Amino acid sequence: MKRLLILFLILVLAATLAVPALAAVEEQELVILDTQKDVVFWVSWDKETPDIVFLAPNGREYDPMAEANDTTTILNGTDLYYVILNAPAGQWRVRFDKRSNQKLDISVHDYNPGLTIETFTVGQVDGDRIPVQFRVTGAGNQRYSYRISAMIDHTGMEKELTSGSGTVGQDVETRVLLKSLSTHSGYLLKLYVWYDDNGTDIFDFAFSDRFSYTNTDADQRAQDFALTVLPQEQLLIVSWPDLPWNTERVLVAVFEDGGAEPAMFDEYDPKTTNSVQLAYDPAARQVDVEFTVRINGVNAAPKRKSFQPDHLGLTLPEGDSRNSTALPMTYTGFSQQPVNVTINGYLTELVLNGDGTLNLTLGDDWNELKVEFTDPDQITWQIQRNLFVDRIPPVLTMSQSYDGMRVDGQSVTVSGTALDCAWVTVNGETVTVGADGMFSREISLAEGGNPVTVIAADSLGNESRYAAMIYRGISAQEWTDSESKQSGPGGLLETLTGPGKYWVLIGVSVLCLMVIGYALIFWRREGQK
């Protein structure tokens, strides 16, 4: 517990400096200390706490909002008292941003004995009260005022719990009511004592040990909330459709990867909104959402829900365009999980179990798709997609009919028009397509028939095909005749069965009968033996 004895304006080292109102960070000379001594900087403003740092002659920076063993900060409304023990001699400077304040005054004074908090102890919390005892020492029988406030850290906000007066040298015992506090495991009590000496506050303050407090009444008012996760957009929706009529505020905090401090925190008026949409870091492996209601100035115990963004368990193909009405949806790790699938306003209720894949049926043109389910932790997962189905292939038109064409040269140029396509190939080779859709390709020809295949495809894989056979040095009929002469006139079948060929068949038949007869004779002799 720090003991600070502060007396203002006993010896004024410097006149009060009226710092001009500035719209940005500025640095100015403040005071020259002739010797090393204890001083207090007094900062006063009119709207909000400014950003301010005091710069010592030895280069050290003193931030009133940072804790240090040789400094103490007291925030009292729109006044800040910053005590520095053994402040170095020399030129002191100040760097500040006044923010929205129109007035910002800084003065420097000696630190001198006045009041001393000799003891300050707290007992065990008993229901909604905590026993407090303290003694203040000083000159004579001076009367002083005191204020006891609750804090979460030494430089944070204070919540006044009680106040009163006492006499120097006499013990003060009181039981402080805690019902205006929310449940918390690490409160501090701050004791602030002071008296007025011709317009100057002579004061001291001290902090208690930490203690825990559970506000049972407030925690009974804790309300659940609805959490919807949109993993593809890295968004979450927190909603609170039903709250008590006297709820003053709702507080929402988002934590990422187990961080002690929230990545996002804000409070909302339930009379004007009942939901909020927030973003989370796409790289976060775990996200925790806390929800708290405030009634009669006290926050109830927060409700918390946690999820892992990459544990959705549902996978849909990437992209917003397809050339098929079948959309495969893959699922993993489900256990009799109800899932609602809505396509263009039509709802289908599914129950997924284990791992698998099923096809969702889309319609042509645009489709509005929503897949939604609520997991066992009461977190709703939602996938929303707009998908375009295009099954119309490109329009492919050839410049002429190439099928059956006879060419005497060694090559031929194939050309045509392809509209609404991404690429065109002729016999597997990609060709250039002009802005008007025109394309052409010279292909080499071998003797005889030469197959030609032209394919026009769009980016979704829809294809239009053209197939032809171009003949070099021979007609289509001649090529057909040469391909079929093994089974046509003059072939083996005709030789055996054609006119005048019966003697050949008779001879073959006789030979077969002789072989069969010899086999029967041989079989009978073997049987007689």
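Which residues line the largest cavity? I looked this up before anything else.

**Entry: ground rules.** I am working with a predicted model, where local features need pLDDT of at least 70, side-chain atom pairs count only at pLDDT 80 or more, and totals for chains, interfaces and linings use all residues. Residues are numbered from 1 along each chain as its sequence is written, and side-chain values use heavy atoms, with hydrogens and water left out.

**Entry: the cavity.** I noted the terms on a 1 Å grid over the protein atoms alone: a cavity is a set of points where a 1.4 Å probe fits but cannot get out; a pocket is an open set with protein on both sides within 12 Å along at least five of seven lines; lining residues have an atom within 4 Å of a point. Points are joined across faces, edges and corners, and a volume is the space filled by probe spheres set on them. My search of the whole structure gave one cavity of 30 Å³ or more. The largest cavity holds about 40 Å³. Its lining is Thr73, Leu75, Met151, His154, Thr155, Gly156, Glu158 and Lys190. I sorted these into two nonpolar, four polar and two charged residues. Here Ala, Val, Leu, Ile, Met, Phe, Trp, Tyr, Cys and Pro count as nonpolar, Asp, Glu, Lys and Arg as charged, and the others, Gly among them, as polar.

Entry: The largest pocket has about 920 Å³ of space. It is lined by 32 residues, and Ile152, Ser182, His184, Tyr187 and Asn299 are the closest to its centre. Strand β20 (247-256) is one of its suppliers, and gives the largest share, four residues. Strands are DSSP runs (E, at least two residues), numbered from the N terminus. The second largest pocket has about 280 Å³. Of its 17 lining residues, His311, Phe373, Asp375, Pro376 and Trp381 are the closest to the centre.

Entry: Buried means under 20% relative accessible area (1.4 Å probe, protein chains only). This core has 41 residues, and Leu314 is among those with the most contacts inside it. Strand β28 (residues 326-343) supplies the largest share, seven residues. Beyond its neighbours within four places in sequence, Leu314 is in contact (heavy atoms within 4.5 Å) with residues including Phe334, Val371 and Phe373.

Note on methods
Core = buried A, V, L, I, M, F, W, Y, C linked by side-chain atoms within 4.5 Å. Buried < 20%, exposed > 50% of the residue type's maximum accessible area, 1.4 Å probe, protein only.
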